[in-house]
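Subject: A structure for you to explore

Hi there,

Here is the structure I promised to pass on. Have a look around it, then read my notes below.

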Amino acid sequence: MTRECALLLPRVCAALADPRQPGSDDTCLEKLLDWFRLLAKFDPSVELLQNNPCLTEFITSVLALPEPSPSILSFTLRLAGILAASENRFQHLQQEQLLVRLFGRDGPLDSALWKDASVRSGWVNGVHSMVRHQPALHLLYRGGGIDVIFTLQEDPSLFVSSAASQLLVDMLILSVEIETTKPVSPKDCDWPTCAQMIIKRIEDSLRSSSASHVEQSLKLLTNLFGSCRATWTEVLWSGIAKQIESFLMEDTVQAQHMLANLLLRMAWSPVFCDSEGSFWLLVTSALEHLTPVQAGPLAAGLLKLYKCPQDVRIQALTVLLQPMDCILRAASQPLEYAGLLDESISDPITIEGLLSSKSSCASFLCQTLAHLEELLSTFREEKTFRDLPCASLLRSLLTILQLCNGFLSPASPLGSTISRILINCFRVQRSALDVLAELSDLRGCDTLIGNLFDVLLAYLESPNTNPTVLKKTFQATSKWLVRLQELSYSNSQWQHSEKILKDVFLVLQKRLCSPCWEVRDSSLEFLTDMIKRLSDQDEFRQSLLSSEVPRLTENLLEDPESYVRASAVTAVGHLAFITYFAPESPVARNQYNKESTAAKLQEILSTDPEGFPRRAVINIFTEWLSQGCTGQLEDTGQFVSRVIQTVQHDLDWEVRLGGLELIQDFCHQTFCQLGLPQRPDDPISPAVTSPVRENESLQIFCRAKLFSFLFQSLCDCDKALGQRACRILLDLNNHFYPLGTPRDLDKTGDLPVRHSIACLQRTLRQGSLAQTFPTNEVDFEDPESMMLALGTIDLIELYDELNKSSDHVEKSPQSLLEDILATVGTIEENEADCY
């Protein structure tokens, strides 16, 4: 602790303990506790208390107050816990009888202040900080603290109850770890005293007739098995397994919904997942006896587990597919389709009951579909899905989508009921389309691709399709079009893909003219996505260019909605790869259209009042540059220069950042075209790295007027820009001054040039606080001046300063204590929260 902090600390303690203070700012007290945590961590010795008696005096004075404020008492409890985390300091505080008065029976437990949730929270957090060693455990279980913590598990405050549950878990783990000398066994006497008390309370609660007691114990066990992987947890489980199993068989037990999470946490523990005993039998029993809604999350979690036994994995997959199977059978004509499953896990009548109930049908289906979508997107390569009945699952998804838009009239009573419930159900439509999109990556669905596009096109064409559902339909259509193109090359029966593409573009033309801006925006995003995925396919390019889509897209550059204009910019930018920049394009030779498109985007960058379209333009220009397309418009350097002159004055920091990314790509391309190395250590012929080529690249950068923007960005109020600009300048510095190269800067340039660079360096040291920038004094287009600037200015120091967090001053210990002292002081103008 610094001398200044040592002098401030007594004043802080005195101010906090002042009975005239009604209470202190909670944020300030939290900051002070954080400070004490750091202090106690770096100085665990008892000398912290001996050298700063004001700490124990503060605790004593708070305890002496007849009615301390709840916030100060809570702070005191937590502070005492932090200080007592060290065994030496614990003994010191015990000698003063402070810990017993804070955490024992004579503490705030029986006072009126205990009714305040902040005091109870402070007590639990203080105990949690303190329990790091055996003496603290003894203090608690001898003083009845464990009973208090179990009571607090049912506290009305969620913060208190969850903290109490986690505290019991940590105490149990600590007790077993530090108080056992040999491996524990199922016999009670082998458990340490504290652990034995906690385990007995858990067992008693599980046998209790109180549903809340059962739930609290199950929560505690879930936390324990989720955080502790020690082998003794198996011994603990052996004593309660029968009681847990009995919950599965009793329909009246309200805590059944918590069993799935408990078993899932255990399955992920190596202690249980590697076992061949009764645990997996209990898991399979849970899959059978839990309700389908409760079993769904358990099944999904088991399928993510690599070491899950194959028979359990198949059973879990069956749980997830059973609702889909029921839908397919209910909506089909008799014996038309075989369904997904040969046998069920849950009672089919239970599944039918959930799907035929208006209150449960949509939520149950959405839960099932969400699990399937997550598993397909994350684990599609796993063997679990190699035997997945893809075609039947796809048929079931299409059935759900047809039921939702009213395009299917089931013959069975159950199917008719489900159809009435699902009609125009947007939640189910969105979820089904998510799964449908993921299925495009699996093989086995090809025979149904015609039916699939019939359903997708029906959704795209229908005026009743909700905008968010339409967006999902576009996403699924894009992925399945990629699959369709793959099939058109490998299987002659899919040559009708041209018709599907034509139908898609006809629908897209209508959607681009929609009065709803969300629909226009989604349509443009869909077009951009298709271009990215399919631009190398001749069939796609021909269908696109023969439609009205390019013209309509360009018209939307003037849309009244800024989001749509931004999406139109992105779409037009990607369209240019097909229409103007592709050599094989029939319109590629139309230079006027190329220049016209670039000019329109440049105008948007210069004049659009909203930031989104301008950001889209700079992103497109950067992509054009990275793809080597700008050289077809005009000299790339002139193109970059014109863009930079516009961007550097933009008020949107993201647009300016995009300009820096454009510069970075331009420098990279320039070095590549001149055959220069990208890094000083790149192997390259000495003949190539001649001073002529180096000077040529520097002249190109100066003509493009890059350096003015780069150096001004170092003083930008937004630190991200300064960091990016400094990184680019460092790369240029390393390029023009490779490691070990003599600089001879004193001989470089005349006196006025060196004077101007010195002025620039002084400005850069002021950073964003600089009032003016020496644009008139420094010639940023002069290669000699810029060479001198790169060699003279300490860019590494600037980079370190830019990367330094602003709180390295504000959060210093002395500054923090001064702020806290001001906040808890009696002067009114100092009572504002400085944070």
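A crossing of two helices is called left-handed if the near helix is turned anticlockwise from the far one by less than a right angle, and right-handed if clockwise. Helices here are DSSP runs (H or I, at least four residues), numbered from the N terminus.

This is a predicted model, where local features need pLDDT of at least 70 and side-chain atom pairs count only at pLDDT 80 or more, while totals for chains, interfaces and linings use all residues. Residues are numbered from 1 along each chain as its sequence is written, and side-chain values use heavy atoms, leaving out hydrogens and water.

Start with helix H14 (residues 232-249) and helix H15 (residues 256-267): their axes come within 10 Å and cross at roughly 140°. Axes are lines fitted to C-alpha atoms over the stretch in contact, with angles from 0 to 180 degrees between N-to-C directions. The crossing of H14 and H15 is left-handed. In contact (heavy atoms within 4.5 Å) are Trp 237, Ile 244, Phe 247 and Leu 248 of H14 with Gln 256, Leu 259, Leu 262 and Met 266 of H15.

Next, find Trp 280 in helix H17 (residues 279-289). Asp 311 lies 31 residues from Trp 280 in sequence, and their C-alpha atoms are 9.9 Å apart.

Enjoy exploring!

Methods: Helix = DSSP H or I, 4+ residues; strand = E, 2+ residues; numbered from the N terminus.
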